[in-house]
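The entries follow the order in which I checked things.

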Amino acid sequence: MPEYVLRAENLGKKYYIGRKEKYKTFRESLIQAVTAPVERAVQVMKGRSQHVSGLNQEMWALRGVNFEIRQGDVVGIIGRNGAGKSTLLKILSRITEPSTGRARVRGRVGSLLEVGTGFHPELTGRENIYLNGAILGMRKAEIDRKFDEIVDFAETEAFLDTPVKHYSSGMYVRLAFAVAAHLEPEILLVDEVLAVGDISFQKKCLGKMGDVARTGRTVLFVSHNMAAISSLCSRAFLLDRGELVFEGDVPDAINRYMESTLSACQTPLRQRSDRQGDGRLRFTEVTFINGTGQPVNAAVSGQPLTALLKYETSDGRSARNVDMDLAFYGALGQLLFLCKVQLARGNFEVLPPQGVVACRIPRFPLTPGRYRYKLWCQVNRVTADRIEDAGVLPVEAGDFYGSGYLPNKNPEGIVMVDHEWELVDPKVTLALDQVRSAG
Amino acid sequence: MTSQIESAVRPYEMKERVIEPTRGWLGLQLDELWEYRELLYFLTWRDIKVRYKQTILGAAWAIIQPFFTMVVFSVFFGNLAKIPSDGIPYPIFSFAALVPWQFFSSGLGQAANSLVGSAHMLRKIYFPRLVMPIATIFSNLVDFVLAFLVLLGLMVYFGIQLKSPVLWLPLFLLLALITALGAGLWLAVMNVQFRDIRYAVPFIIQFWFFATPITYPSSLLDEPWRTIYGINPMAGVVERFRWALLGSNQPPGLMTVVSAAAALFLLVSGLFYFRRMEKTFADIV
C-alpha cells in the first residue's frame with residue numbers, strides 16, 4: 001500500500017526561449033499565418049528542415065524529477081537560482097502544467113509562493129485578510145475563526161480599519177504573512193517567503209513554520225536560508241539545473257550544495273574574476289604547507305598549517321600599510337574564525353611589489369570537514385582585493401587535544417579550543433561558596 | 001486530467017489527484033468552480049468595493065453615463081434626426097436600451113482585461129481561472145441595479161406603467177450576462193496571447209453598439225433580415241427589455257430565439273476555448 005502523500009514521476013517542464021517577449025501581437029500572428037507556409041517551403045527547397053517560427057530554443061526548467069514524500073515529512077528544497085525549485089512548486093500547485101511525467105497528490109495543497117498576493121491597497125487590513133485568505137484557499141468560516149489569531153500574529157490591531165496603502169512596508173508584510181501562516185492544508189508548499197520583516201518577526205515566522213511542521217503536516221520548503229532549512233527540515237532535495245541531484249539528510253544535502261556553488265573555485269586564483277576591491281594588490285596563488293614545510297591538500301586538526309599567499313601589486317610598486325584576512329566559514333555560511341594581520345602583529349608597513357605572505361596556524365582548530373575560506377587585503381585603508389569563495393580546505397581528523405581521542409565528522413565546523421577538565425577538590429568548592437555569598 | 005482513487009487506509013482526504021500534461025479540449029470542471037464559489041464571491045466583492053471606494057462619483061457614474069448618453073441621443077437622434085422609436089418617447093426608448101447595454105459593455109470590457117490585469121495572481125496562486133472573468137461580470141450587476149432604479153424613475157416620469165411582461169426581465173438580463181461572459185471569455189484569452197487585442201476591445205464595443213438597436217428600433221428592418229439580425233444577441237436583449245418594460249414591439253418571436261441561441265453558442269464556445277488555453281496562462285501572461 002503506497003504511503004506517499006506526494007509523488008513525482010519523471011516530472012519535467014520545458015520552456016521556449018529565444019524570443020524577446022513571451023507574447024505575440026495578433027497582427028504578427030496574422031502575418032505569420034500567411035508567410036510561414038511560404039518560408040517553410042523555401043527552407044525545404046533549400047534542403048534545411050529548421051524550425052521556422054521565432055521560438056528556436058528549448059530550455060528544460062525541470063527534467064526527470066522523481067521522488068516520494070510521506071505524510072509529515074518536512075522537506076527542504078535547495079539549489080542555486082534557476083535550478084528549478086520554484087518551477088517544481090508551481091507544478092505541484094497546479095499553476096503551471098508539467099511538460100512530461102506526472103505528480104500524484106493526496107491531500108489539500110496550500111501554496112505560499114508569495115506573501116500578500118491579491119492584497120488591494122484601497123481595502124482595509126480587515127478586508128484584505130478576508131480577501132487574501134479566500135485567495136489562498138481558506139473558507140470564510142475558517143477565516144472568521146482564525147481572525148483574531150491572525151491579527152494578533154501580525155501585531156497590527158490598531159490599523160485594522162485603515163486602507164492598506166497607508167501601511168508601512170513592515171506592517172504590510174507582517175499582515176500578509178500572518179494570513180498565510182494560518183493556512184492549514186495537509187500539504188504546504190512554501191517558496192522562500194520567510195525573509196520578510198525585521199529580525200524579531202523573521203524569528204516569529206520561523207517559529208510558526210516550525211509549529212506547522214510539528215503538527216504532522218507535510219511541508220515542502222524552498223529556501224536559500226541554510227540555517228532555516230537545517231532547523232526545520234527532516235529531509236532535503238538538492239536541485240541543480242532542473243535535475244534532482246541529491247535527496248537525503250539535510251547536512252549532506254547542504255554540503256553537496258556548498259560544494260557545487262564552490263566549483264567556481266576550480267579556476268586559479270590569478271584568473272578569478274569574482275573579486276572585489278580596487279586591485280592595487282591581488283592574491284595570485286594559495287598554497288598550504290604543513291609543519292615540515294611540505295605542500296598539503298588538506299589540514300589536520302591540531303596540526304600546524306601555514307597558508308602561503310602569493311600576491312602582486314598592480315602598479316609594480318611597493319604597497320604600504322597592508323592588512324590581510326584569511327577567514328574560514330562553516331557549511332551554513334557562518335564565520336568560524338578569522339586570521340587577521342592587523343590583530344596578530346599590526347599591518348605590514350611595506351610589502352614588495354611581488355611576494356609571498358605566510359599565515360601560520362600552530363594548531364589548526366577545526367573538526368574534520370570541508371571549509372570554504374575567504375581572502376581579503378587592504379592597502380592604506382582601502383580594500384584592494386576580496387575573494388569570498390577563494391577556495392575549499394578539507395580538514396582531516398587529528399589529535400588536537402593530545403588525548404588520543406579524535407573528533408568525529410559529525411558535527412563538523414566546531415572550533416576546538418585548548419582547555420582542561422578536572423574534578424574540583426571539595427575543600428576548594430566550600431571556599432568558593434563562601435566567597436560568592438560574601439560578595 | 002484528474003483521477004480520483006479511493007484508498008481505504010489513509011485517515012485524511014483520500015482522493016488522489018494526478019497532475020500531468022493535458023492535451024486538446026478539456027472538461028469544464030464546473031464542480032471545481034463550485035468549490036471555489038467563495039473566492040468568486042470575494043473577488044466580486046473586491047471589485048465592487050474598490051470601484052466605489054475610489055471615487056465619490058463611483059456610484060453615481062453607473063447612472064450618469066447612461067443618463068447623459070440618453071440626453072445627447074434624445075437631442076440628436078430623437079429630436080433632430082427624428083429617428084422613429086416604436087411610438088414611445090425617444091428618451092425612454094433609448095434609456096431602456098442603454099441600461100442593459102451599459103451592463104454588457106462594462107462587463108465585456110472588464111472581463112476582457114481580467115486575466116492580464118491579474119497576471120500577478122495567475123502566476124502565484126491556483127484557482128480555476130474562470131473565476132476571474134466571471135467575477136468582473138458579476139460585479140457589474142450592482143451598477144446595473146442602480147441604473148435600473150433610475151430607469152424605473154424615468155418610467156414613472158413618462159407615466160408608463162409596468163405590466164406583466166416585466167416578469168420576463170430577469171431572463172433577458174441573463175441573456176445579456178451570458179453574452180457578456182461568452183464574448184468576454186474569448187477576448188480575455190486572446191488578450192493573454194496577443195497583447196494588442198486590448199486596443200481592439202474599445203473598437204469592438206463601439207462597433208457592437210451601433211450594430212445593436214439602441215438608438216434605433218429593429219422594426220426598421222423587414223423580415224427575414226430582422227430575424228437574422230438576432231444573431232447579435234444584444235439585439236434580442238435590448239428589444240426584449242423594451243418590450244418587457246415599455247410594451248413596445250411584438251412579443252418574443254423568432255428573433256429572440258436566434259439571439260438566445262447565438263448567446264449560448266458564444267458562451268459554450270468561450271468556455272471550452274478558455275479551458276483549453278488555461279494551462280498556458282501562467283506561462284505567458
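I began with strand β1 (residues 4–17) of chain A, which pairs with β2(A) in the antiparallel sense over 10 bridges. Strands here are DSSP E runs of at least two residues, helices are H or I runs of at least four, and both are numbered from the N terminus. Two strands pair if DSSP finds at least two bridges between them. Opposite A:Leu6 I found A:Ile69 in β2(A).

I noted that this is a predicted model, where local features need pLDDT of at least 70 and side-chain atom pairs count only at pLDDT 80 or more, while totals for chains, interfaces and linings use all residues. Residues are numbered from 1 along each chain as its sequence is written, and chains are lettered from A and ligands numbered from 1 in the order in which they are written.

Next I traced the open sheet of 4 strands, and its order is β2(A)-β1(A)-β4(A)-β1(B), with antiparallel pairing. β2 (57–70) of chain A and β1 of chain B are at the edges with a single partner strand each, so one side of each has no neighbour in the sheet.

Then I looked up where the chains join: β4(A) and strand β1 (residues 16–19) of chain B run antiparallel, with 4 bridges. A:Arg104 has B:Val18 as its bridge partner.

Last, I checked the contact, which takes 40 residues from chain A and 35 residues from chain B. Two residues are in contact if their C-beta atoms, placed from the backbone, lie within 7 Å. On the side of chain A that touches chain B, β4(A) gives the largest share, 6 residues.
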